[in-house]
Amino acid sequence: MHQIILQGQSQPITVGKIVCLARNYVAHAKELGNEVPSDPVLFIKPATSMIMNGDAVVIPDYSDDCHHEVELAVLIGKTAYKVTAEDAMNYVSGYGIAIDMTLRDTQAMLKEKGYPWELAKGFDTSCPLSDFVPANKIKDPHDLAIRLQVNNEMRQDANTGLMIRRIPETIAAITRAFTLEPGDLILTGTPAGVGRVVAGDRMTAEIEGIGTLQVDVR
Ligand code: MG
């Protein structure tokens with residue numbers, strides 16, 4: 001079972017799918033030389049990619065360039081299909097910290113061939129997650145400091161207010177195609193500063209009001 005903790009709930013929550021946004025912060029799209037898209041670029045990580053605070057990311061043997069991408073994770077609390085942006089926040093039950101671990105060399109090869117990204121984004125251990133806090137504890141999810149350090153060196157230091165597509169519009173866009181179910185997660189994209197990690201590194205991610213997430217790399 002692939003489960004997260006929502007603070008204040010006695011039972012853990014089983015995660016279904018993890019729907020992720022690419023290129024949702026201007027400065028990050030530019031650092032990778034990508035266009036800022038007019039429609040959301042979506043991909044899905046399987047629940048088997050999850051690890052928790054204190055676990056370790058294991059870099060697959062087919063990659064030599066594994067990157068960190070710290071992201072605000074949104075927990076869905078009710079089944080959502082074709083939801084309007086106006087109504088979308090009623091389906092959110094919590095917020096957490098995620099690191100969208102990405103094999104940049106594999107992704108570049110897949111992009112060049114026009115292939116899907118799963119080998120670069122969905123491998124086992126590619127989705128470290130923190131515990132989640134209830135949505136009502138976060139006044140404004142679009143005004144949170146978001147940071148990631150590697151071995152105590154600051155790599156990513158931004159604010160969720162820099163997101164291009166905000167959470168209500170993201171939920172509306174996703175649910176045009178996919179039903180979101182209780183326990184599904186949305187990863188809202190990463191700010192600038194992504195970079196390589198190697199075996200032996202320690203990543204510490206932090207989002208204001210949520211807490212910290214620490215994972216090692218093997
Ligand atoms: Mg990402």
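Phenylalanine 43 is buried, with a relative accessible area of 8%; buried denotes under 20% relative accessible area, exposed over 50%, and partly exposed the range in between, computed with a 1.4 Å probe on protein chains only. The model is predicted, so local features require pLDDT of at least 70 and side-chain atom pairs count only at pLDDT 80 or more, whereas totals for chains, interfaces and linings use all residues. Residues are numbered from 1 along each chain as its sequence is written, and side-chain values use heavy atoms, with hydrogens and water left out.

The structure holds one aromatic pair. Its members are phenylalanine 43 and tryptophan 117, whose ring centres lie 5.7 Å apart with the planes at 50°, so the pair is tilted. Rings of Phe, Tyr and Trp (the six-membered ring of Trp) pair if their centres lie within 6.5 Å; planes under 30 degrees apart count as stacked, over 60 as edge-to-face and the rest as tilted. The pair links distant parts of the chain, 74 residues apart: phenylalanine 43 belongs to strand 4 (residues 41-45), and tryptophan 117 to the loop between helix 3 (104-113) and helix 4 (118-121). Helices (H or I, at least four residues) and strands (E, at least two) are DSSP runs numbered from the N terminus. Tryptophan 117 is buried as well.

Another ring is involved in a charge interaction: the charged end of lysine 78 sits over the ring of tyrosine 91, 4.8 Å from its centre. The criterion is NZ of Lys or CZ of Arg within 6 Å of the ring centre and within 35 degrees of the ring normal.

The magnesium ion has Glu69 (OE), Glu71 (OE) and Asp100 (OD) as protein donors, lying 2.0 to 2.1 Å from it. Donors are N, O and S atoms within 2.8 Å of the metal (3.2 Å for Na, K and Ca), and sites may look incomplete because water is not among the atoms. The sequence spacing of the donor residues is E-x1-E-x28-D. Glutamate 69, in the loop between strand 7 and strand 8 (70-76), and aspartate 100, in the loop between strand 9 (92-99) and strand 10 (102-103), are 31 residues apart and link distant parts of the chain.

| Residue | Relative accessible area |
|---|---|
| Tryptophan 117 | 14% |
| Glutamate 69 | 4% |
| Aspartate 100 | 0% |
| Serine 63 | 12% |
| Alanine 158 | 18% |

Serine 63 is placed in the loop between strand 6 (56-57) and strand 7 (66-68). Its side chain makes a polar contact with the side chain of aspartate 105 at 2.8 Å, and a polar atom of the serine 63 side chain lies 3.1 Å from the backbone nitrogen of aspartate 65. A polar contact is a pair of N or O atoms within 3.5 Å; within protein, one must be able to donate a hydrogen and the other to accept it, and residues adjacent in sequence count only if both atoms are side-chain atoms.

Strand 7 and strand 10 pair over two bridges, two strands being paired if DSSP finds at least two bridges between them. Cysteine 66 has leucine 103 in strand 10 as its bridge partner.

Alanine 158 is found in strand 14 (residues 153-159).
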